[in-house]
Amino acid sequence: MTVSPSEPAMAEPTFAPAPIEVRVSANAAHLSVVRAVAADLAMREDFDLDSIADLKLAVDEACSTLIGVATRGAALSCRFSPSAGRVVVDVSVLADEPHEPKQDTFGWRVLSTLADEVTASTTPADSGKHLVRIELSKASGTVVGA
Amino acid sequence: MSSQAEQTKGGYEQYAPVFAELAALDPDDPARSELRDKLVTGHLPVAKHIARRFANRGENQEDLAQVATLGLINAVDRFDPERGVDFLSFAVPTIMGEVRRHFRDTSWAVRVPRRLKEMHLSISAAVGELSQRMGRAPTPSEIATHLGVSREEVFEGLEATNAYRSASLDDMLLGENDGVSLGDALGEEDEGMADVERRESLQPLLERLPERERTIVVLRFFGNMTQTQIADRVGISQMHVSRLLSRTLAKLRDALDEE
C-alpha cells in the first residue's frame with residue numbers, strides 16, 4: 001500500500017494542489033485505510049460530522065463496488081482532491097470486463113444519496129482490460145459563517 | 001506443533017527431578033532461585049519456539065520472545081509436580097495464553113491514551129449539545145471553539161473515536177424495539193425504492209434486518225434524513241448511527257452480491 005501525493009503531470013497548472021493518492025490491492029481488508037484517509041481529509045476541510053461520516057460511507061461503497069469487479073491481483077487507486085470545503089474522490093480499478101456500475105441498484109442509490117455528484121465510466125485499457133472508475137464529489141452540508 | 005512438541009518433550013525430561021527438588025525446598029531457601037533460573041534457562045527454547053509461531057502478526061519478535069519468557073517464568077513458578085502432569089503440558093498453554101493476552105492488550109482499541117479517551121468524552125458531549133442547539137451536526141472547528149481547544153486536538157479525538165467501535169454495545173442496543181416499520185419509514189410510495197426493486201430484490205433483505213438497522217437505512221437512503229436527524233429520532237448518538245449504517249451497508253452489499 002502506498003499513500004502519496006501524486007506527481008503532477010508536466011502540463012498541469014501548478015496552482016491546483018496535487019491530489020493525494022492511496023493505492024491498495026483490491027481487497028476489502030484494506031478499506032479501513034482508505035476510509036481513514038477520506039475521514040481525515042473531510043475533517044481538515046471542516047466538514048460537519050454528518051458529511052464526514054457520509055463521505056466515509058460513500059468511499060467505502062465506491063471502493064467495494066470496484067473491488068467486486070477487479071481483475072485478480074489488481075490495485076485499487078483512490079485519488080482525493082480536497083479544496084475549498086469540498087473533497088473530490090476518483091476511485092479506479094482494472095477489470096476483465098467493462099462492468100460499468102449500474103444506476104438502478106441499491107449501491108448506486110447509496111452513492112448518490114451520500115455524495116453530491118457521482119459518475120461512473122469504463123474505458124478500454126492495456127491488454128484487453130478495462131479501467132472502471134467512479135468519481136464522486138462531496139461538500140460539507142454546512143458552510144460555517146455563510 | 002505436535003511433532004515438535006514431542007521432540008522437545010524428549011529433551012526436557014531431565015528437568016523433572018529438578019522440579020521435584022525445587023518443590024521440596026522451603027519457600028525461603030536461598031537455593032530456590034538458582035534452581036528456578038536453571039529451569040527457566042533450560043526451557044527457554046520452548047518459549048522462543050512459541051514466540052516464533054506468532055511471528056508475522058505485526059508484533060516485534062523480540063517483544064514476543066520476552067512475553068513468552070514471562071509466560072515461561074510464570075509456568076515454572078506455578079507448576080506443581082505433585083499433580084502428575086508433565087511440565088510441558090502445563091507450560092505450553094500457559095505461555096501461549098501469555099502471548100495471546102499480549103496481542104489482546106496491545107490492540108489499539110484498548111491502548112488509546114487517557115488524554116484521548118477524555119477528549120473523546122468531551123467531544124461526544126459537545127456534539128450532543130451543539131447538535132441540539134443548531135439542529136444539525138457541528139463541524140470540527142465549532143467543536144474546538146465550544147471546548148476551547150485547538151482543531152488538531154479535536155481531529156485527534158475524532159480519530160480516537162474510531163477505536164471505540166464497540167460491537168458489543170451496538171448489539172446490546174439493537175435488542176430494543178422502536179417500532180418504525182418499513183412502511184412507516186417510507187411513508188408514501190418511494191420512487192427510488194421502486195427503481196431499485198426493478199433490478200434487485202432489496203425489500204426482502206431490508207425486512208430481514210433487525211428493526212433498528214432497517215429503520216436507519218431506510219430513513220437515510222429513502223427518507224432523505226441526515227445521520228443527526230436519524231439519531232434524534234431513534235434516540236442514539238450520531239456516531240452510533242454512523243457505525244450501524246456502515247455495518248448494515250456492508251451486510252446488504254454481501255447479501256445483494258449473493259443474489
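This briefing walks through the two protein chains of the structure above, topic by topic. The model is predicted, so keep in mind that local features need pLDDT of at least 70, side-chain atom pairs count only at pLDDT 80 or more, and totals for chains, interfaces and linings use all residues. Residues are numbered from 1 along each chain as its sequence is written, chains are lettered from A and ligands numbered from 1 in the order in which they are written, and side-chain values use heavy atoms, with hydrogens and water left out. Chain A has three helices and six strands, whereas chain B has 15 helices and zero strands.

**The two chains overall**

- Helices (H or I, at least four residues) and strands (E, at least two) are DSSP runs, numbered from the N terminus.
- Along its sequence, chain A reads β-β-α-α-β-β-α-β-β.
- In chain A, 47% of the 146 residues are buried, while in chain B the buried share is 41% of 259 residues; buried means under 20% relative accessible area, exposed over 50%, and partly exposed in between (1.4 Å probe, protein chains only).
- Chain A has an accessible surface of about 6,800 Å², with 53% belonging to carbon and sulfur atoms.
- Chain B exposes about 14,500 Å², and carbon and sulfur atoms supply 48% of that; these areas come from the Shrake-Rupley method with a 1.4 Å probe, and for residues only the protein chains shown count as cover.
- For contacts (heavy atoms within 4.5 Å) in chain A between residues at least 6 apart in sequence, 62% join residues at least 24 apart.

**Strands of chain A**

- Strand 2 (residues 20–25) and strand 3 (residues 75–83) of chain A run antiparallel and are joined by six bridges; two strands pair if DSSP finds at least two bridges between them.
- Within chain A, Glu21(A) stands opposite Arg79(A) in strand 3.
- Strand 3 of chain A also runs antiparallel to strand 4 (residues 86–95), with seven bridges joining them.
- Phe80(A) stands opposite Val89(A) in strand 4 of chain A.
- The hairpin of strands 3 and 4 of chain A has two residues between the strands, and Ala84(A) takes a positive phi near 45° there.

**Helix packing in chain A**

- Helix 1 (residues 31–44) and helix 2 (residues 49–69) of chain A pack at an angle of about 145° with axes 9 Å apart; axes are lines fitted to C-alpha atoms, for helices over the stretch in contact, and angles run from 0 to 180 degrees between N-to-C directions.
- From helix 1 of chain A, residues including Leu31(A), Val34(A) and Ala38(A) meet a set in helix 2 of chain A that includes Ile52(A), Leu55(A) and Val59(A).

**Where chain B meets chain A**

- Helix 7 (residues 140–147) of chain B buries Pro140(B), Ser141(B), Glu142(B), Ile143(B) and Ala144(B).
- Those buried residues of helix 7 of chain B pack against helices 1 and 2 of chain A, together with helix 6 (114–134) and helix 8 (151–161) of chain B.
- Among the buried residues of helix 8 of chain B are Val154(B), Phe155(B) and Leu158(B).
- The buried residues of helix 8 of chain B pack against helices 1 and 2 of chain A, along with helices 6, 7 and 15 (238–258) of chain B.

**A proline in chain B**

- Pro93(B) lies in helix 5 (residues 87–106) of chain B and counts as partly exposed because its relative accessibility is 49%.
- The C-alpha atoms of Pro93(B) and Ala75(B) are 9.2 Å apart, with 18 residues separating the pair along the chain.
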